[in-house]
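This briefing covers one protein chain, from its elements and overall dimensions to selected side-chain pairs. Please consult the sequence and the model shown here while reading.

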Amino acid sequence: MLEYHAAEFRNQLAAGVEFAMGSDVGPFPHGTQAREFVLMVKYGMSPLAAIQAGSLHGAKLLGWEGQIGALQAGYFADAIAVEGNPLDDIGALEKVSFVMKGGVVYRK
């Protein structure tokens, strides 16, 4: 089944399907959602497209454009920071060192 799903994912990428990543976790333990970024890249998505699926495209799908999905003045102040560059190694998103939600810092 895994190879079937991977092939379908690649077909959808090739067809230009816009992906939005959510926080429903699925079969992963809570708190490990960043693994989805790794899998998306493993099966053919670029790191930038994976990050956009978890930010810009999710905001668009929810109808929250202009409020979430980007680091921009006037948007909800939700942000993370990681060591390294996730465009070079998407796995960096699995090691979050800073969390801010609603303008409040939860982890430094």
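Helix H1 has 13 residues and reaches 18 Å from its first C-alpha to its last, close to the 18 Å expected at 1.5 Å a residue; the expected span is 1.5 Å times one less than the number of residues in the helix. The model is predicted: local features need pLDDT of at least 70, side-chain atom pairs count only at pLDDT 80 or more, and totals for chains, interfaces and linings use all residues. Residues are numbered from 1 along each chain as its sequence is written, and side-chain values use heavy atoms, with hydrogens and water left out.

**Fold and dimensions**

- The protein chain comprises 4 helices and 3 strands, where helices (H or I, at least four residues) and strands (E, at least two) are DSSP runs numbered from the N terminus.
- The order of these elements from the N terminus on is α-α-α-α-β-β-β.
- Just after H1, a positive phi of about 85° is found at Gly16.
- For 108 residues, a compact globule would have a radius of gyration near 13 Å, and the 14 Å of the protein chain agrees with this; the radius is taken over C-alpha atoms, and the globule rule is 2.2 Å times the number of residues to the power 0.38.
- Along the principal axes, the C-alpha atoms fill a box of roughly 40 × 30 × 25 Å.
- Of the contacts (heavy atoms within 4.5 Å) with a separation of 6 or more, 37% are between residues 24 or more positions apart.

**Burial and nonpolar core**

- Buried residues make up 22% of the 108 residues; buried means under 20% relative accessible area, exposed over 50%, and partly exposed in between (1.4 Å probe, protein chains only).
- The largest nonpolar core has 15 residues, and those with the most contacts inside it are Phe9, Phe19, Phe37, Met40, Met45 and Leu93.
- H1, H2 and helix H3 (47–53) each supply at least two residues of this core.
- A nonpolar core is a set of buried Ala, Val, Leu, Ile, Met, Phe, Trp, Tyr and Cys residues joined through side-chain atoms within 4.5 Å.
- Apart from its neighbours within four places in sequence, Phe9 is in contact with Phe19, Met40, Tyr43 and Met45.

**Aromatic pairs**

- The whole structure contains 2 aromatic pairs; rings of Phe, Tyr and Trp (its six-membered ring) pair if their centres lie within 6.5 Å, with planes under 30 degrees apart counted as stacked, over 60 as edge-to-face and the rest as tilted.
- The rings of Phe9 and Phe19 have centres 4.9 Å apart and planes at 55°, so this pair is tilted.
- Phe9 lies in helix H1 and Phe19 in the loop between H1 and H2, so the pair ties together parts that are 10 residues apart in sequence.
- Phe9 is buried at a relative accessible area of 13%, and Phe19 is buried at 15%.

**Salt bridges**

- There are 3 salt bridges, each being a side-chain nitrogen of Lys or Arg within 4 Å of a carboxyl oxygen of Asp or Glu.
- Arg10 pairs with Glu3, the closest N and O atoms being 3.5 Å apart; Arg10 is partly exposed at 36%, whereas Glu3 is exposed at 53%.
- Lys60 and Glu18 form a salt bridge at 3.4 Å, N to O.
- Lys60 lies in helix H4 (residues 56–62) and Glu18 in the loop between helix H1 (2–14) and helix H2 (35–42), so the pair ties together parts that are 42 residues apart in sequence.
- In the salt bridge of Asp78 with Lys101, the closest N and O atoms are 3.3 Å apart.
- Asp78 lies in the loop between H4 and strand E1 (79–82) and Lys101 in strand E2 (residues 96–101), so the pair ties together parts that are 23 residues apart in sequence.
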